[in-house]
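Subject: Structure for you to look at, with notes

Dear colleague,

I am passing on the structure we spoke about, together with my notes on what I found in it. Please read them with the coordinates open beside you.

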Amino acid sequence: MTLPNDSTPWSDLSPDNPLFGEACSTFLEELYQRYLLVTEGENADYIRELAQVNPDLLGIAIVTTQGKIYSVGDASQLFTIQSIAKPLVYGMVLEDWGWESVLEKIGVEPTGEPFNDIIDPSEIQQKKYNPMVNAGAITTTSLIKGDTLEERQQRLFEMFRRYFARDVEVDQSIFWSRKTRDNLNRAIAYMMLHFNLIEDNIEEVLDLYFQQCSVLVNCQDLALMAATLANAGLNPITGERVLQSDNAKRLMSVMYTSGLYQFSGQWAYQVGLPAKSGLSGAIVGIVPHQMGIAVFSPPLGEHRKSVRGVKIFKDLSHHFKLHIFNEIKTNQSKEKEKNKPFLFLAKSPSITNFLKYLYDKYLPLSEGNSYVSEPDITEIDPNWFSICIVTTDGQFYGVGDVDQSFLIQSISKVFAYGLALEDHGRDYVLKMVDVEPTGDAYNSIIKVEENSKRPYNAMVNTGAIAITNLIKGKSQAHKLNRILKMYQKYIGHPVYVDTGAVVSEQTKGDRNWAISYLLRNFGMISGDIKETLQLYLQQCSVIISCRDLAIMAATLANNGTNPMTGKQGINPDYIQDLLSVMFTCGMYDFAGEWAYKVGFPAKSGVGGGILAVVPGVMGIAVFSPPLDQRGNSIRGIKVCEELSHHFRLHIFEPISSPIEKNY
């Protein structure tokens, strides 16, 4: 049997392909033999029983949405589920209370911190935690419905049975170890109780939490669980519905942005699948609509993730091209074209009608404040409002002030990041700027990875200034000219810098000066700080329109080719990088909720613009100056939420066609 080479798309070897079974089994055996030799890492000692598990154990399992099972190694070896229980319990609570009610208590923002971090009280009050970290998971557990602890336990175990297609048991020694020695989680629980986020008997809540983490599972169980989520909540073995399809979508969203804690950004960047890890050494990943994957290997490495598990998932993702943003091939893939929202297959007046409906609905909104660097620097009308769509085959739809000029501001960060990638390659850029969500505001003074001191990501000011420092050029003027030419390729016409805005930001932007000096202190930028900061401000002060922004978004959606001019805006090899970082970091400290509610890559700017990408389908742009407290356009967010819901554009949306409405 000849395995597919690295250039073979996964769609050519889907579970429906007759060659899939043999190729999958062969490749799993190859991975097993290769990584069984890896001896890096140490078992978790957070719970003493975990430290005693045989470190040589290694199991890999795949379950397809058709119910086919492929496994190798110790895939039937039992171990405790630990934190992989968190998304399942969260799904149960969503079913019990509804997502909007749960969201009022439990946020969905990535924290950028370890799973067991003691959250700052101010962050608790702002719901800056999520159900994948312990603080959020304990609060989630408190919401399981039931009149008694026994009733809640029964419901919990019944939920596990539906996912795993068998009854489950608790490892009593690990449960008792947690119950008697886990003082850190007890402290976290009492802190959540202090802020009235837990209302029930705290010891009963902890018992239930410790029990769910101590459930015994194996690799095949976890792969089946993941396949159930990949199958929109329907267990592919039993045919039983475990979770409503919309809630399966929400689980995958939170797992994608937060499932691997402070390694979630790197995982999204390199592997690109919704996933969850646990201290037992298991990692579970979801290939939407196709399969669930699970790996078990106890030794943990950096960020307390299974060393072999991370390596195996990277190999699987690369070899079979599983990354959710991999290889956008518009109008070439029959599967993608089949699932493309039908209104976008041809020029449709219904789209314009819907955009007019949204424009009329949200124009009366009077919330928020417009951003200006200093009074009287420019005239900004809070009633400016436009919505534009450009499809990957060049159709344009727009309403409102589509040609009104405004500053690109932080949306520039996406395109500067792409230019730096083209200049240096991803490996070098990744050494200088990380890809982790910060959970902080766009202009936070600085947040750096502890060991390397590199900024957390390129979508916040700290990382963006470091990225600007990487842009090549013989002189300052040459660098600026390269940036302007880059914009021209994306848009299709020349662009210009608002000099007044640059001067204003230079004189008033003390925060960016502070960030720049701190970056130089950590060795993250070199050369003349004034020149780097000026170039950064120039790239942010380019004048564009909503029409321009939609074409730029459509260029990203079209694998880097401008659909209006046919010219390449960026090397297609880097589209996956841009979309990955946009999806996890593009909306700052609203990125998690954006992924949860809207579900496609986006970037906002304080000029009032939002650029959004529906890969392989279209680019979306909204312009409206009034901003919320996070610096995002208020009307823009509402419009994108409605577009996503109406046309079912969420990246983890169950496969189906939208229902056309008349407006």
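I would start at the hairpin formed by β5 and β6, which has four residues between the strands, and where glycine 281 in the turn has a positive phi of about 105 degrees. Please keep in mind throughout that this is a predicted model. Strand β5, residues 275–277, pairs with β6 in the antiparallel sense over three bridges, and serine 277 stands opposite isoleucine 283 in β6. On its way onward, β6 takes part in another hairpin, this one with β7 and with three residues between the strands, in which histidine 289 takes a positive phi near 70 degrees. Here six bridges join β6 to β7 (residues 291–296), the two strands running antiparallel, and glycine 285 is placed opposite isoleucine 293 in β7.

Strand β6 (residues 282–287) is also mostly covered, with six of its six residues buried.

For the overall picture, the protein has 27 helices and 14 strands, and buried residues make up 62% of its 663 residues. Of the contacts between residues at least 6 apart in sequence, 71% join residues that are at least 24 apart. The protein exposes about 24400 Å², of which carbon and sulfur atoms supply 47%.

In soluble globular proteins, nonpolar side chains tend to be buried together. In this model the largest nonpolar core has 180 residues, and Leu222 and Tyr417 are the ones with the most contacts inside it. Leaving out residues up to four places away in sequence, tyrosine 417 touches Tyr269, Val429, Val435, Ala458, Met459, Ile467, Asp577, Leu578 and Val581. There is a second, separate core of 31 residues, which includes Tyr359, Ala591, Cys640 and Leu643.

Helix α6 (residues 134–142) has nine of its nine residues buried, so it is largely enclosed by the rest of the structure. Among the elements that cover its buried residues are α3 (85–97), α7 (149–164), α9 (183–194) and α10 (202–213). Helix α16 (residues 349–362) should span 20 Å at 1.5 Å a residue for its 14 residues, and because its end C-alpha atoms are 20 Å apart, the model agrees with that expectation. The buried residues of α16 are Ser350, Ile351, Phe354, Leu355, Leu358, Tyr359 and Tyr362, and what covers them includes β8 (386–391), β9 (396–400) and α27 (634–647).

Some of those elements return in an open sheet of five strands, which has the order β9-β8-β14-β13-β12 and antiparallel pairing. Its edge strands are β9 and β12 (602–604), each of which pairs on one side only, and neighbouring strands of the sheet are turned by 10 degrees against each other on average, direction ignored. Within the sheet, β13 (residues 609–614) and β14 (residues 618–623) run antiparallel and are joined by six bridges, with methionine 618 in β14 as the bridge partner of valine 614. Helix α27 packs on the sheet, where it touches β8, β13 and β14, and its direction makes about 150 degrees with that of β14.

Finally, two single residues. Threonine 80 lies in strand β3 (residues 79–80) and is buried, with a relative accessible area of 2%. In sequence, threonine 80 and cysteine 213 are 133 residues apart, while their C-alpha atoms are 6.7 Å apart in space. Neighbours within four places in sequence aside, threonine 80 is in contact with Leu50, Asp171, Ile174, Cys213, Ser214, Val215, Leu216 and Ser280.

The other is glutamine 538, found in helix α23 (residues 529–540). Is glutamine 538 buried or exposed? Its relative accessibility is 12%, and because buried means under 20%, glutamine 538 counts as buried. Again not counting residues up to four places away in sequence, glutamine 538 touches Leu480, Val497 and Val502.

With best regards

Notes
Residues numbered from 1 in each chain as written. Predicted model: local features only at pLDDT ≥ 70, side-chain atom pairs only at ≥ 80, totals over all residues. Heavy atoms only, no water. Buried < 20%, exposed > 50% of the residue type's maximum accessible area, 1.4 Å probe, protein only. Pairing = 2+ DSSP bridges. Contact = heavy atoms within 4.5 Å. Areas by Shrake-Rupley, 256 points an atom, 1.4 Å probe, with all protein chains shown as cover. Expected span 1.5 Å × (residues − 1). Core = buried A, V, L, I, M, F, W, Y, C linked by side-chain atoms within 4.5 Å. Axes fitted to C-alpha atoms, helices over the stretch in contact; angles between N-to-C directions.
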